[in-house]
Amino acid sequence: MKISLPFKYIVSTKRDKYYVVFDFKDDNGKRQRRWVGTGLPVKCAKKVLNEKVDELVAQFYKDYCSGKATKPREKINKNTKNAKFLSHTLSGKVQRLNLRSFSYIGLRQSSLQSLMQLMKAIRTLFARRQNILTKTIRISC
């Protein structure tokens with residue numbers, strides 16, 4: 001006897017890999033679709049694929065029943081993406097700055113100045129981008 005699940009799923013291929021696509025409704029009642037990769041190539045044994053799909057469905061069912069899967073996802077706006085990019089870029093620069101700058105002699109001024117110039121350039125770049133966006137919004141309205 002087959003159990004009736006509170007969601008639907010299909011097995012689909014994308015870029016020569018198998019994915020399980022879950023179709024369900026979140027807590028707000030909106031239809032959601034989640035793609036979960038199996039990690040298996042298209043040219044794999046059917047038995048292995050079915051075992052992996054059953055495993056992923058069981059895991060998703062646990063997440064669904066616990067409410068973990070049905071929570072609505074946060075919408076990420078462009079400012080959040082820019083902030084994440086900026087923090088990632090600057091963290092790499094700061095790590096390199098720390099590796100180069102902190103020595104037995106002390107902190108090199110040139111590395112700090114280059115970091116400050118980089119931060120200033122990034123600020124002006126974002127300011128120009130914001131100005132262009134506001135101008136296009138004004139023109140279109």
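**Exercise 1.** Is phenylalanine 7 buried or exposed?

*Solution.* This is a predicted model, in which local features need pLDDT of at least 70, side-chain atom pairs count only at pLDDT 80 or more, and totals for chains, interfaces and linings use all residues. Residues are numbered from 1 along each chain as its sequence is written, and side-chain values use heavy atoms, with hydrogens and water left out. Buried means under 20% relative accessible area, exposed over 50%, and partly exposed in between (1.4 Å probe, protein chains only). Phenylalanine 7 has a relative accessible area of 4%, so phenylalanine 7 is buried.

**Exercise 2.** Classify the aromatic pair of phenylalanine 7 and tyrosine 61.

*Solution.* Rings of Phe, Tyr and Trp (its six-membered ring) pair if their centres lie within 6.5 Å; planes under 30 degrees apart count as stacked, over 60 as edge-to-face and the rest as tilted. Ten aromatic pairs turn up in the whole structure. For phenylalanine 7 and tyrosine 61, the centres are 6.4 Å apart and the planes at 45°, a tilted pair. Phenylalanine 7 lies in the segment before strand S1 (8–14) and tyrosine 61 in helix H1 (residues 46–66), so the pair ties together parts 54 residues apart in sequence. Here helices (H or I, at least four residues) and strands (E, at least two) are DSSP runs, numbered from the N terminus. Tyrosine 61 is partly exposed, at 35%.

**Exercise 3.** Which residues form one aromatic cluster?

*Solution.* The cluster consists of Phe7, Tyr9, Phe22, Phe24, Phe60, Tyr61 and Tyr64.
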